[in-house]
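Dear colleague,

Please find the structure handed over below, with its sequence. The findings follow directly after it.

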Amino acid sequence: MQDFCTYTARQLRQAIEKDSVKAADIASCLLARRNAVDKKVNGFAHFDKKLLLERAEALDANESKGPLSKIPIAIKDNICVKDELTTCSSKILDGFKAPYDATVVTRLKQAGTLLAGKSNMDEFAFGSSCETSCYGPTRNPYDLDRIPGGSSGGSAALVAADEVIAAIGSDTGGSVRQPAALCGVVGFKPTYGRVSRYGLIAFGSSLDQIGPITKDVTDCALLLKIIAGYDPMDSTSIDTDVPDYTTSLVKDVKGLKIGLPKEYFIEGLDKDVKEKVDQAVDLLKGLGAEFREISLPHTDYAVSVYYIVACSEASSNLARFDGVQYGLRSKKPSLLDMYKETRREGFGMEAKRRIILGTYALSSGYYDAYYLKAQKARTLIKQDFDEAFKSCDIILTPTTPTPAFKIGEKTKEPLKMYLSDIFTIPANLAGIPGISVPCGYSKGGLPIGLQFIARPFDEAGLIRAAYTYEQNAGFERIRPEL
Amino acid sequence: MDKQVYITTIGLEVHLQISTKTKAFCGCANEFGREPNSSTCPVCLGLPGSLPVLNKKYLEHAIKVAVALDCKILGSMKFDRKNYFYPDLPKNYQISQYDMPLSTGGSVEITSTAGARRIGITRVHMEEDAGKLIHDQKRPLSFIDYNRTGTPLLEIVSEPDISSPEEAHLYLSTLKAILEYLEVSDCNMQEGSLRCDANISVRPSSQKALGVKVELKNMNTFKGVRQALEYEEKRQVKILSSGKKLSQETRLWNAEKKITELMRTKEQAHDYRYFPEPDLVPFKISPGLVQEIRDTLPEMPNDKRLRFIKEYKISEYDAAVLVSDKAMSEFFSACVKLYPKPKNIANWLMGDISGYLNANNMEFGQLKMSPEALAEMLGLIDKGTISGKIAKDVVVDMISTGRSASDIVKDKGLTQIADAPEIEGFIEEVIGENDKVVDDYLSGKDKAMGFLIGQLMRKTKGKANPQMANELLKKRLSKEKR
Amino acid sequence: MIKKDMINYVADLARISLAGDEEKLFASQLNDILAYIEKLNKLDTAGVEPMSHAVILVNMFRDDKVKDSLPKDEALRNAPEKEKDFFKVPKVIE
C-alpha cells in the first residue's frame, strides 16, 4: 500500500480520483504513522482511533463528493468539534465535550474531510513554543529537543511529521505562521473577519483568526477556500465574496511591488535567517518583482500593545472557566473558594500570568494607562501598514527572528518568549493577512520561514506571491528523520 | 433644640425585559416559565467559542423606549463587557453598555395633586439579563437555571430628581404606563420583567451637597419600593439626627421584616473592568431610523389623558387614573363608544371594578368582562331593569365569569320590581312585622325609615326599585295613624 | 512597580488563589513585562482614536427568529454537578 501520509492534499485527491483510494486505507496509513512517530512528536492532544475508523467508514459508505473528501485534517484543540473533547490543552477544560461544531468544522465536514483528531497547543494558545500544554510539550520533528513553535505547535508538527495531510490552527499573534516557519510547512493567517471565529475558544477576540497549516501553498489555497466566508453567527465576520484561491496559484510576480520594512531587518536577527530571506529577495527580484525599502515606524511598540490587548481580552474571555457549568471543579464548601481553587488547579502558570496581567491592565485606575493607550497605539500600527501599502502590494519579512529554540530555553523568562513573536504580531494588530512559507534550512538543519503580508482581504495576492516563490525557490524539501 | 429639616433625594434604576421573540444575542426563545435549562444554546450559556449577534428587534424596541422617554439617541453606540464573577452569569461578564450607550438625557412627566413635574432620565442602555438562582432551604447549595440568561434588558436610570417615596411610586407607575403603551414588555414585576433598584440619600436642608448615597435592592413590588424607601429615609434621618455619620453601602429590602439590611459596603464595591466588547461591532443609528420608529409610536399616556379630558369631559383626576393602566384606558374608550356616559363608566371602572381587582390581586388585563358587557349593564341600570345596588353584584359575576349582564339578571331573577302593587304587598308585610319601629317613625324618629327600607329591600332581595320603594313606603306610613 | 498586595488584589478579582511563592514570582515577572511596556508612554497618542476592532464593520444584526435551543440534557451534559434539571453550586451568599 502507498504511504498516503507523505502526500499533499492535492496529490491525495488525485490518487483518490484515479485509484478510488478508500478513506479506510488512508486511516490505516495515519494510524501506522502515528504509532511510529507520535510518541516522539506528541502532536495530538486528543486522538480517538475508533472514531477515526468510524469516520473513514462513513466517508467510504456515503461516497462523499466534497472537494476535500477523505483528506485527513487535524483540528487545533481550541476549536469545537461536536461531542468530542475540546480542552485548549488545559486541565481546566478536562473532559469538556462541546455540544456544537465550530463553523470551520461544519465546513470541513461538508467538504468531506476526514477529521483526524485534536492537535496539541500551548494552553489556551498562550505561548510560542507549545510547552504550556497540560498534555506535555510537542516536539519539533526536525530536532526533538527543540520546540515546534506555538501556539499551534501540534498542528504544525503533525503536518511536518506527515502524521496528517493538513491541519487547522489559530493565530492571535503568530500562532499559525510561527510554528509553520519553525516546522518547515506553510501557515496562513487570513484577514480578521475572513474566517468565522464561531466555535474557536477565544484568546484575544479582536486578534484571533483561524488559518490552515499545510505542506504547500496549493493545499493552503484549497483549505482556505473551504473555511473562508461570511458566517451569520460571527458579528465580526465580513460579508464579501470569497474568491476561488486556487485561481491564484499562478507563477508570476512580474511588476509586483514588494516592501521590505527596515524595522524588521535589525540586529539580533539570526544570521541563517537573514541569509535565507536575502536569498528569497534575490530570487523574487530575478522573477521580476520590484523591491523597495519601507518603514513601519511603530513596530517597536507592537509587542507591548499586543500583550496588553491580548491579555486584557483573555482575562475576560477566560473568566467563564470557573467550575460551574463544565470542566474541572475543585471541591470546596464555599463558592468563592471553589472558584479560586478551580482556577488555581486548572490553569497553568502562563495562563495565570496572562490573566493577572490582563486583569491588572483593565482594573480601575489603570485602564487609561494600559488598555486605552494600547488601543491608540494599535491605531498607529494599523496606520503604518495603510501608509506602507500605498507604495507596495506585498510586504516581505522573516517569519521569526531565529529558527526553533530549545525546549525549556525561554520558559523562565516570559518576556523573551514574548519577543519571539515580534515579526508576526503586527499583522494581527492590523487585522491583515499573512502567510509563512519555508525558505530553506539553517546550518543546523532547522527550517526557516519567509513571511508575506498583504492588504486586508488580499489573500489571493498573498497566495500568488507565496506560490511563485515556492515553485521557484528550488531548494530540496528535507523530510524530518523520525 | 431646633428641629432639623431633612431633604430626601432618590434616584431609581429600572430593569426592563424586552419581549422580543428571541433573546438578545441568540435565537433561543425568550419566554417565561419554561422547564429549567431548556431554552439555552451555546451562546446564552456562554459556552467556550460561542459568539453573540445582536437581535435587530431588540435594538428597535430599545430605540422606541428611548424616544418615548424623550432621550437623545446617540448616533453611534457600542457594547462593553462588565466583568464580575457570579454563578448566574455564565461568561462571568455581562454584555452591557458603558461609555457609549444607546441614549441619554430624557425625562418623564409625573402628575400628582401637587401638579406636574419632570423627572430626568440619565440614560437608557441595553444589556443582557442573567440566569436565575434558587437557594436550597436546608442544604448549603444553590441551583442555576440559565433560561433567563441573555434575555434582552433595558436599564432605565433616573436622575436623582425624586424627592419622596410617594413620588418614587408615582414615577414608577407613570413609567410603567408608558412602557406598557409601547408594547415592548410585559412589565410584570411578579415575573421579574420589570425590576427596580433605588438610590437614596438624605441631608439637612441647610446642606447643599447631596448626602451619603445608599443603594437599595431586592424590592419586588412598587409598594415594596415605597416601603423600603420610607424605611430607609427614616433610618438615615435617625442616624444623622443622632450626630452619627452614614456610610455608602448597598442594602437589601427584607419584605417580611419590612426593614433594609446591609449587603455590602463601598470598600467591597466591584471593580468591573469595563472594556469594549470585541465580539460585537459598533452600531450606527441613523436619524432616519429614529424618525421611522418615532412615527410608529402609539399615543402615550399623557396625550391620552389630555384627550380624555377634552373628548369625554371627565375630571383631570379620573383621566389620570384611567390612562395609568393601558388596558383600563382601552376598555374605557371601547365602552364609551357603546354607552355614551363617560363619567358613569369611569366611576364603575375606578370604583367597584378596580376594588375587586385589587382585593383579588388581579391585573386589569385579567378581567373577563368585555366593554360590551359593561355597557349593557349600565344600560340596564338606566332602564331601571336592575338597581345600582344589584348591579354591584352583577358586575362581580361578570368579572369572574365573563357572562353578560342580561344573562346573569335573567338566571338569578334579579330584574328590578317596579310594579307598585307588588311592592305594596311587601310593604304590608314589613309594617305587620315591625310594629315598634313603625311607632318610632310615627313619633318622629327619622332613622326608623332607613330600617324599614332595609327590611323591604331584604324581602325583595334588593330588587325593589329604590325610588318607588321609598315613595310607596312613605305614602303607606302617612296613612298609619296610631 | 507592582507590589505583592497589588498581585493579591488582582488575583482576587480574577478569582485565582496563589501560593506564597507565586505572588513573588508573578510580581517580579509582571514588573519585567511592565517595564518593557513602559515604552508606550513615550508614544504621543494625543488625538488618536482607539482601535477596538481589527475590521471596520458596523450594524451586524440577526433577525428575531427562533432557532432550536440545545436539548436540555445536552445543555447539562458537561455539568460537574447537577441535580434534577439544574446546575448545582455551593451556596451563593452575597
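The centres of domain 1 and domain 2 of chain B, taken over C-alpha atoms, are 35 Å apart. This is a predicted model, in which local features need pLDDT of at least 70 and side-chain atom pairs count only at pLDDT 80 or more, whereas totals for chains, interfaces and linings use all residues. Residues are numbered from 1 along each chain as its sequence is written, and chains are lettered from A and ligands numbered from 1 in the order in which they are written.

Domains of chain B

Chain B is divided into domain 1 (6–292), domain 2 (305–412) and domain 3 (420–479); these bounds come from an automatic or database domain assignment. Between domain 1 and domain 2 of chain B, 5 residues of the former are in contact with 5 residues of the latter (contact: C-beta atoms, placed from the backbone, within 7 Å). On the domain 1 side, helix α2 (residues 165–182) of chain B supplies the largest share, 4 residues. Helices (H or I, at least four residues) and strands (E, at least two) are DSSP runs, numbered from the N terminus. By class, that side of domain 1 has 2 nonpolar, 2 polar and 1 charged residues. Here Ala, Val, Leu, Ile, Met, Phe, Trp, Tyr, Cys and Pro count as nonpolar, Asp, Glu, Lys and Arg as charged, and the others, Gly among them, as polar.

Interfaces with chain C

Chain A has 54 residues in contact with 42 residues of chain C. The elements of chain A that give two or more residues to this side are α9 (302–317), α10 (335–346), α11 (349–362), α12 (368–388) and α13 (414–419). Of these, α12(A) gives the most, with 10 residues. The side of chain A that touches chain C comprises 26 nonpolar, 14 polar and 14 charged residues.

Chain B places 37 residues in contact with 30 residues of chain C. Two or more residues each come from β2 (54–55), α1 (56–68), β9, β10 (141–145) and β17 (283–284) of chain B, and the largest share, 5 residues, is that of β10(B). This side of chain B divides into 20 nonpolar, 10 polar and 7 charged residues.

Strand pairing also links chains B and C. β2(B) and strand β1 (residues 61–62) of chain C pair in the parallel sense over 2 bridges, and Asn55(B) has Arg62(C) as its bridge partner in β1(C). Two strands pair if DSSP finds at least two bridges between them. Within chain C, β2(C) is joined to strand β3 (residues 86–90) by 2 bridges, and Lys82(C) is partnered by Phe87(C).

Strands and a helix within chain B

Strand β1 (residues 6–17) of chain B pairs in the antiparallel sense with strand β12 (residues 194–204) of chain B over 11 bridges, where His15(B) stands opposite Arg195(B). β1(B) also pairs, again antiparallel, with strand β11 (residues 152–158) of chain B over 5 bridges; there, Val14(B) has Ile156(B) as its bridge partner.

Strands β14 (residues 249–254) and β15 (residues 259–265) of chain B run antiparallel and are joined by 6 bridges, with Glu249(B) opposite Thr265(B). Their hairpin has 4 residues between the strands, and Lys258(B) takes a positive phi near 55 degrees in it.

Nonpolar cores

A nonpolar core is a set of buried Ala, Val, Leu, Ile, Met, Phe, Trp, Tyr and Cys residues joined through C-beta atoms within 7 Å; a residue is buried if 20 or more other C-beta atoms lie within 10 Å of its own, exposed if 12 or fewer, and partly exposed in between. The largest such core has 295 residues, and Ile73(A) and Val394(B) have the most contacts inside it. The element that gives the most to this core is α9(A), with 10 residues. At least three residues come from each of domain 1 and domain 2 of chain B. Another core, of 9 residues, lies apart from it and includes Ile423(B), Phe426(B), Val430(B) and Leu456(B).

With kind regards

Notes: Contact = placed C-beta atoms within 7 Å.
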